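Here is a short tour of one protein model. Keep the sequence and the 3D view open as you read.

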Amino acid sequence: VQLKNYPKKFSILLITLINILLSRSSQEIEVLEQQGFKRTLLLTQMNLPDDSVQGIRYRLKFEFDQSTGKWGLTEAGSQQSCSRGDHSGHWTVELCP
C-alpha cells in the first residue's frame with residue numbers, strides 16, 4: 001500500500017503500532033532490507049490476548065528525505081497468524097475465524 005495516497009490507512013497503522021508498543025505481548029523488529037536511504041522492517045507481535053489470532057506482523061518501508069532530514073513511511077502491509085481454522089499457525093492476509 002502506498003501510504004501517501006491513503007491518509008486514513010496511515011492513521012490507523014500509526015494507532016495500531018502505538019498500541020503494539022504499549023501492550024504486554026512480545027514484539028520483535030527485524031531489518032529486512034537496508035539500501036542507501038531506504039529501510040524495510042518487519043515488526044512482529046506474538047502472544048496476543050485474542051483467542052483467534054496468535055500474532056500480527058507488519059512490513060514497513062521507510063525512505064529518508066534528504067531535503068527535510070526526516071524518515072517517512074512509504075509502504076505498509078500486514079499479516080496475521082491464526083490460532084484455528086485453515087490458516088492455523090501460518091501467516092495470512094485472510095481474517096482469522
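This report covers strands, a disulfide, a threonine and a salt bridge.

The model is predicted: local features need pLDDT of at least 70, side-chain atom pairs count only at pLDDT 80 or more, and totals for chains, interfaces and linings use all residues. Residues are numbered from 1 along each chain as its sequence is written, and side-chain values use heavy atoms, with hydrogens and water left out.

**Strands**

Helices (H or I, at least four residues) and strands (E, at least two) are DSSP runs, numbered from the N terminus. Two strands pair if DSSP finds at least two bridges between them. Strand β3 spans residues 53-65 and pairs with β4 in the antiparallel sense, over 12 bridges. Asp65 stands opposite Lys70 in β4. The two strands β3 and β4 form a hairpin, with four residues between them. Gly69 sits in the turn and has a positive phi of about 75°. Strand β4 also pairs with β5 in the antiparallel sense, over two bridges. Here Gln80 stands opposite Thr92 in β5.

**The disulfide**

The structure holds one disulfide (a pair of cysteine sulfur atoms within 2.5 Å). Cys82 and Cys96 form it, with their sulfur atoms 2.1 Å apart. Cys82 lies in strand β4 (residues 70-82) and Cys96 in the segment after β5 (91-92), so the pair ties together parts that are 14 residues apart in sequence. The torsion about the S-S bond is about -85°, so the disulfide is left-handed.

**Thr92**

Thr92 belongs to strand β5. A polar atom of the Thr92 side chain lies 3.0 Å from the backbone nitrogen of Glu94. Leaving out residues up to four places away in sequence, Thr92 touches (heavy atoms within 4.5 Å) Gln79, Gln80, Cys82 and His87.

**The salt bridge**

A salt bridge is a side-chain nitrogen of Lys or Arg within 4 Å of a carboxyl oxygen of Asp or Glu. A search of the whole structure finds one. Asp51 forms it with Arg84, the closest N and O atoms being 3.9 Å apart. Asp51 lies in the loop between β2 (38-46) and β3, and Arg84 in the loop between β4 and β5, so the pair ties together parts that are 33 residues apart in sequence. Side chains of opposite charge can pair when their charged atoms come close.

**Buried or exposed?**

Buried means under 20% relative accessible area, exposed over 50%, and partly exposed in between (1.4 Å probe, protein chains only).

| Residue | Relative accessible area | Class |
|---|---|---|
| Cys82 | 0% | buried |
| Cys96 | 17% | buried |
| Thr92 | 7% | buried |
| Asp51 | 60% | exposed |
| Arg84 | 37% | partly exposed |

Notes. A polar contact is a pair of N or O atoms within 3.5 Å; within protein, one must be able to donate a hydrogen and the other to accept it, and residues adjacent in sequence count only if both atoms are side-chain atoms.
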